[in-house]
Amino acid sequence: MSDKEEREISRIKEVESTNLARDDIRELVIETKKAVEKDNDLLANRVHRNFLDNNIKSFDIVGAIGAGKTALLEKIAEKLTPKFRMLVICGDITTRVDADRIEKYNAETIQINTGRECALNAYHIHQIIKNKDLQNYDVIFIENVGNLICPSEFVLGTDKRIIVVSITEGEWVVEKHPMLFKKSDIAVINKIDLKERLGTNVEKMIADAKKINPEIEVITTSAKTGENIDKLMELIGF
Amino acid sequence: MKEELTKIEEIIVNPTGIKISNIQELMETFFVKLKNRVDNYIGDYPTFIEPVYLEDNVKIGDDVLLGPNVYVGANSEIPDYVEISNTIIFDNVKIGENFKLENCIVAKNSSFNFKNLNLKNSVLIGVANLKNELQTIGF
């Protein structure tokens, strides 16, 4: 076995042993996990205060890979950048494909490549804004790493969290991922232009989102055709 | 970008003549011009917050966070659990595991063969096998 394989096996064992913590260290593992979440929340509060102090509207966009987060951000940037100074922070395991797409619509972008991490956290955002003069921005979007699980653990300090799912993910996608819907303010059900062809039960998706989180605003969109993008803009206050 | 880098290197080779204001100003200018280049390293999956510029043959360990505003010179080694932001590391540098550097400059050919260091606003120079052997100049 090569050194690289050996290291990978050690890493997996380490992670597994933490998950299946022995009785004698289980309490320590739980306390550490709580401390990590508390630290993230404190930092997120600081980030949010910085945004508010500079009159910046801020949004965290979460959703699976391929749901249409970047396509929606392209539409949003197209509408906002003629009037507002927009910064988009893009989270991905690797590449700056999304940042390059959004930059074409005159938004400033910063890419975070998270490597092994499956979500952005408040520390990432704090590291970016400590170097920025926030007076140069009116609105900040943070496009989280594409998945519907990990981002629920970490708030980022934005005004609102927008969850994006597409009808190509199937009508069960909402009920299978309750935590992120519970912790989001707006649910966007995207790719509605494919409804007839796919026969997805969109009404069920809307009802599931409302059942999980009665406060959540739900909207159907098509980033491709532009359907309901204006309504989405209204929902986010523009 | 290279112009500022050369000036910074010239200043830190003569540690007694370091003017703090000069370094801070040069670093700020350098970071404004810093581009992103992260597709050429040797290692697994670090976290990068752009801009991060890696020269050739940079080795990076596990659980490493680089950026924003990090330049790493050729043949330098960044081992496991390191976190670096707003920092310039010149060529042929080896730092220790679990180093946290913020707003620092590490001189060419430096080698720090110990673990655990948390340092801000400093120039690090030379070879140190123990923490108390480390030569730093604050700025």
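B:Val106 touches B:Ile89, B:Phe90, B:Val93, B:Ile95 and B:Leu124, leaving aside residues up to four places away in sequence; two residues are in contact if their C-beta atoms, placed from the backbone, lie within 7 Å. This is a predicted model, in which local features need pLDDT of at least 70 and side-chain atom pairs count only at pLDDT 80 or more, while totals for chains, interfaces and linings use all residues. Residues are numbered from 1 along each chain as its sequence is written, and chains are lettered from A and ligands numbered from 1 in the order in which they are written.

B:Val106 also belongs to the largest nonpolar core, which has 96 residues. Such a core is a set of buried Ala, Val, Leu, Ile, Met, Phe, Trp, Tyr and Cys residues joined through C-beta atoms within 7 Å. A residue is buried if 20 or more other C-beta atoms lie within 10 Å of its own, exposed if 12 or fewer, and partly exposed in between. Alongside B:Val106, the residues with the most contacts inside the core are A:Val88, A:Ile89, A:Ile125, A:Ile140 and A:Leu156. Helix α3 (residues 69-80) of chain A gives the most to this core, with six residues.

Chain B has two helices and 14 strands, where helices (H or I, at least four residues) and strands (E, at least two) are DSSP runs numbered from the N terminus. Of its 139 residues, 39% are buried. A compact globule with 139 residues would have a radius of gyration near 14 Å, so the 14 Å of chain B agrees; the radius is taken over C-alpha atoms, and the globule rule is 2.2 Å times the number of residues to the power 0.38.

The contact between the chains takes 13 residues from chain A and 11 residues from chain B. On the side of chain A that touches chain B, β3 (108-113) and α5 (122-129) are the elements that give two or more residues. The most comes from β3(A), with four residues. β3(A) also pairs with strand β2 (residues 47-49) of chain B in the antiparallel sense over two bridges; pairing requires that DSSP finds at least two bridges between the strands. Within β2(B), B:Phe48 is the bridge partner of A:Asn113.

As to confidence, the predictor gives the complex an ipTM of 0.90 and a pTM of 0.90. Chain B averages a pLDDT of 92, and 95% of the residues score at least 70; pLDDT is the predictor's confidence in each residue, from 0 to 100.
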